[in-house]
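This report covers a protein chain shown as a sequence and a 3D structure. Please keep both in view while reading.

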Amino acid sequence: MKLLVTLLAGIGFSVSAFAQQTPNLIGTWNGETNDATIGEGRIYPGGSPGQIRFLKEKISYKVDKQEGRTFSGAATIKGSSITFVGSLSGDLSSGAIATKQGTTSFKIIDPNKIALCFTTTTIDPANKNAGPVADCHEISRK
């Protein structure tokens, strides 16, 4: 009898793990960046060649389309709108976002909070003063 109960409990746990639902990311998510950058770029003009700067800027992500694990929208920072596409990994709690400027990895903390890390080797290949950017921040949906 004990074996039967253990077996049924194990099957129930396995089914519940597979029944996990794809999170709904539609909405507006807001936060503040924690940028480390070298030089200047389209989003952060004014840096000298090779100058290391640490910057904080308000940022907003609007996810307006989602189909299963894929989604798209636009991020707004310093008056610039940047179109993005994204995809959730199989664990349904992490994934990646891509723009023309670089890539972002993310982890869903709870249904209304996401931690993200953005990296790029250059913001503007045509601008020799543009350098890499690294930024990890959190965003929340209200």
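The sections below treat the basis of the values, the fold, strand pairing, the core and the disulfide.

## Basis

The model is predicted: local features need pLDDT of at least 70 and side-chain atom pairs count only at pLDDT 80 or more, whereas totals for chains, interfaces and linings use all residues. Residues are numbered from 1 along each chain as its sequence is written, and side-chain values use heavy atoms, with hydrogens and water left out.

## Overall fold

The order from the N terminus is α-β-β-β-β-β-β-β-β-β-β.

Of the 142 residues, 35% count as buried, where buried means under 20% relative accessible area, exposed over 50%, and partly exposed in between (1.4 Å probe, protein chains only). The accessible surface of the chain is about 8,700 Å², and carbon and sulfur atoms hold 60% of that surface; accessible areas come from the Shrake-Rupley method with a 1.4 Å probe, and for residues only the protein chains shown count as cover. Among contacts (heavy atoms within 4.5 Å) between residues at least 6 apart in sequence, 42% join residues at least 24 apart.

## Pairing of strand β1

Strand β1 (residues 27–32) pairs antiparallel with β4 (residues 58–67) over six bridges; two strands pair if DSSP finds at least two bridges between them. Strand β1 is also joined to β10 by three bridges, again antiparallel.

Trp29 takes part in both pairings: Tyr61 in β4 stands opposite Trp29, and Arg141 is the bridge partner of Trp29 in β10.

## Nonpolar core

A nonpolar core is a set of buried Ala, Val, Leu, Ile, Met, Phe, Trp, Tyr and Cys residues joined through side-chain atoms within 4.5 Å. The largest one has 20 residues, and Leu25, Tyr61, Phe106 and Ile114 touch the most other members. Two or more residues of this core come from each of β4, β5 (70–77), β6 (80–88), β8 (103–110) and β9.

Leaving aside residues up to four places away in sequence, Tyr61 touches Trp29, Ala74, Phe84, Leu116 and Ile139, among others.

## Disulfide

The whole structure contains one disulfide, defined as a pair of cysteine sulfur atoms within 2.5 Å. Cys117 and Cys136 form this link, with their sulfur atoms 2.0 Å apart. The link is right-handed, with 115° about the S-S bond. Cys117 lies in β9 (residues 113–120) and Cys136 in β10 (residues 130–141), so the pair ties together parts 19 residues apart in sequence.

Cys117 is partly exposed, at 31% relative accessible area, and Cys136 is partly exposed at 40%.

Notes:
Helices (H or I, at least four residues) and strands (E, at least two) are DSSP runs, numbered from the N terminus.
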